[in-house]
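Here is a friendly briefing to read alongside the structure. Have the viewer open and follow the points by topic.

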2 protein chains.
Amino acid sequence: MKNYPSKKDILEAHIRIKDLIHRTPVLTSDSINRITQTNLFFKCENFQKVGAFKMRGASNAVLSLPKEKLKNGVATHSSGNHAAALARAAKIAGTKAYIVMPHTAPRIKKEAVKGYGAEITFCEPTLKSREETLKIVVSKTGAEFVHPFNNYYIIAGQATAAKEVFEKIKVNLDYLITPVGGGGLLSGSLLSAHYFSPSTKVIGAEPCGADDAFRSLRDGFIHPSIEPKTIADGLLTSLGEKSFAVITKYCEEIITVKEETIIAAMKMIWERMKIIVEPSSTVVLAAVMENQNKFEGKNIALILSGGNVDLEKLPW
Amino acid sequence: MKNYPSKKDILEAHIRIKDLIHRTPVLTSDSINRITQTNLFFKCENFQKVGAFKMRGASNAVLSLPKEKLKNGVATHSSGNHAAALARAAKIAGTKAYIVMPHTAPRIKKEAVKGYGAEITFCEPTLKSREETLKIVVSKTGAEFVHPFNNYYIIAGQATAAKEVFEKIKVNLDYLITPVGGGGLLSGSLLSAHYFSPSTKVIGAEPCGADDAFRSLRDGFIHPSIEPKTIADGLLTSLGEKSFAVITKYCEEIITVKEETIIAAMKMIWERMKIIVEPSSTVVLAAVMENQNKFEGKNIALILSGGNVDLEKLPW
């Protein structure tokens, strides 16, 4: 893929990955609708294989690689969910996965990656350390690097989550809100809305303590994410050029949310919906909670990106 | 109803309550199947209205009462889920609910009852204190007592959960396992299996620390539950005569499980299935985990009875 994914690329990705992913449910909650005075549709990627939407992109990227590029395995750096997804996709494709992970990643994410038979190399929780460590791993193994978001096949795969929302929800959706870390899910969702539901505005949500995407969209160039501070451990990275180009073209707004609202939203989802979502997921509900005037009375889809939480380290 | 519910009673109950309840999903988990070497079907009553199967029985009991008995309201004693269910059913039926609750009940359960506009009177966490306090409340208000389980309308309502399982699951179910506290869910499930899936054996599961149902079935009379000690706060009560009569007639086995297995099962469901269930629910998976020889290779439905947990007081 030379340019960002076309409608055809996303349709093909969805067919390509269909046996590797769940078509996850879209849930509603009367009580959260009542509290927020909105009409919310929660796309439950926490129920996705490996517990996160990342399975979509990783599956599409691995299944799109030519055989000769697969033979030495695939490699990546990731705080966790992409790592587990790539490990699982590689296993199904019959090849090896080499994963560079910050040693600070949640236990559950480390265990998942090991469980799929991948080889882990730990690094410091900085982009520099990740990239340097990965370079060493790739030069040793000859594995093919599959970037967690700056890759059009990844973006086309992530786009299928929003596509499923548009196929499932019959009311006119005013908004679709996704978390934004590296921008793979947000850019994919923007493209899916553009192709499949052009009247739906797609908004990104991220923590105030990791607001690089907000500043990047505002200023027109990629701000690196320097020393981000947030409980949302999936949203620490900077945007990539490929995801940023799509975001610049199609995204009107990125909303930043406070840490306490992320935690309150997480608790609300756990208590009211009885489902487990990770903090990186709950920025989308936090965005609704902090902007009631904007969203009151609207039909809004929220992508709950994942459900991998260390149960011993809950924020309450 | 003079005798235990007939097939017709259960069919009518299901129609009567259909607008007050969710038809909850039945979920599966590849990884838990792999770990337990079984084929499990989880009936998710944690997603039920008020977060527990109790909504079924309470709805049926309230909607079956003649108008003149409803006018002074309904009353009950309950550690929580039946209380919330009766409060919600009363509210929908346009009458008042008076609830006697042990002061030790989980915060989330107290708040739910208040949220439905019921009047709470707190008591000590003993059957004696519950019954005495209730007597005072009923004599003051003239409200109609709706017992949490020793009531045929309640049993017919709870029976609808298993009925939905049999309607949904197309493979032949070898077993259906339910938690047993007062025996409403177990006796209802036994009747549903008898009428709708006679080849399925229904088993009760309860904590070793509250094994009164196990001893009652073994000895042929109701052992009172004296100073039960378990994290499963929904399973503290003794059986009632009505539920015990059904259990004696149709139940072959009650399995007791250790506290550490209840907690391990709870964690496994939270981590692997990304859903929130209360400890009283997880005795059913604990029963499978402690009896692998018995259950290996079998098709087993497990009723996850509820999802109301104090998130600040988790057992890990």
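This is a predicted model: local features need pLDDT of at least 70, side-chain atom pairs count only at pLDDT 80 or more; totals for chains, interfaces and linings use all residues.

Chain B can be laid on chain A by a turn of 180 degrees and a shift of 0.0 Å along the axis, with an RMSD of 0.0 Å. The two copies are thus related as by a two-fold rotation axis. Within chain A, the domain assignment gives two parts, domain 1 (7–52 + 153–304) and domain 2 (66–145).

**How the two copies are arranged**

**The interface between chain B and chain A**

- The contact is made by 20 residues of chain B and 20 residues of chain A.
- Together the two chains bury about 1700 Å², and carbon and sulfur atoms give 59% of that area.
- Two elements of chain B give two or more residues to the side that touches chain A, namely helix 6 (107–115) and helix 12 (259–273).
- Helix 12 of chain B gives the most, with four residues.
- By class, the side of chain B that touches chain A divides into nine nonpolar, four polar and seven charged residues.

**Salt bridges between the chains**

- Side chains of opposite charge can pair when their charged atoms come close.
- Over all chains the structure holds 39 salt bridges, and the count between chain B and chain A is six.
- Arg107(A) forms a salt bridge with Glu271(B), and their closest N and O atoms are 3.1 Å apart.
- Asp30(A) and Lys49(B) also meet through their side chains in a salt bridge, at 2.9 Å from N to O.
- This second pair crosses between chains, with Asp30(A) in helix 2 (residues 30–36) of chain A and Lys49(B) in the loop between strand 2 (39–44) and helix 3 (54–64) of chain B.

**The two domains of chain A**

- The centres of domain 1 of chain A and domain 2 of chain A, taken over C-alpha atoms, are separated by 24 Å.
- Nine residues from domain 1 of chain A and 12 residues from domain 2 of chain A take part in the contact.
- The two domains of chain A bury about 860 Å² between them, with 58% of it on carbon and sulfur atoms.
- Which residues of domain 1 of chain A lose the most area to domain 2 of chain A? They are Leu20(A), Val50(A) and Asp233(A), together 57% of what that side buries.
- Two salt bridges are counted between domain 1 of chain A and domain 2 of chain A.
- Lys109(A) forms a salt bridge with Glu278(A), with the closest N and O atoms 2.9 Å apart.
- The side of domain 1 of chain A that touches domain 2 of chain A has four nonpolar, two polar and three charged residues.

Terms used. Residues are numbered from 1 along each chain as its sequence is written. Chains are lettered from A and ligands numbered from 1 in the order in which they are written. Side-chain values use heavy atoms; hydrogens and water are left out. Domain bounds come from an automatic or database domain assignment. Contact means heavy atoms within 4.5 Å. Buried area is the accessible area (1.4 Å probe) that two parts lose on being put together, summed over both. A salt bridge is a side-chain nitrogen of Lys or Arg within 4 Å of a carboxyl oxygen of Asp or Glu. Ala, Val, Leu, Ile, Met, Phe, Trp, Tyr, Cys and Pro count as nonpolar, Asp, Glu, Lys and Arg as charged, and the others, Gly among them, as polar. Copies are superposed by least squares on the C-alpha atoms of residues with pLDDT of at least 70 in both.
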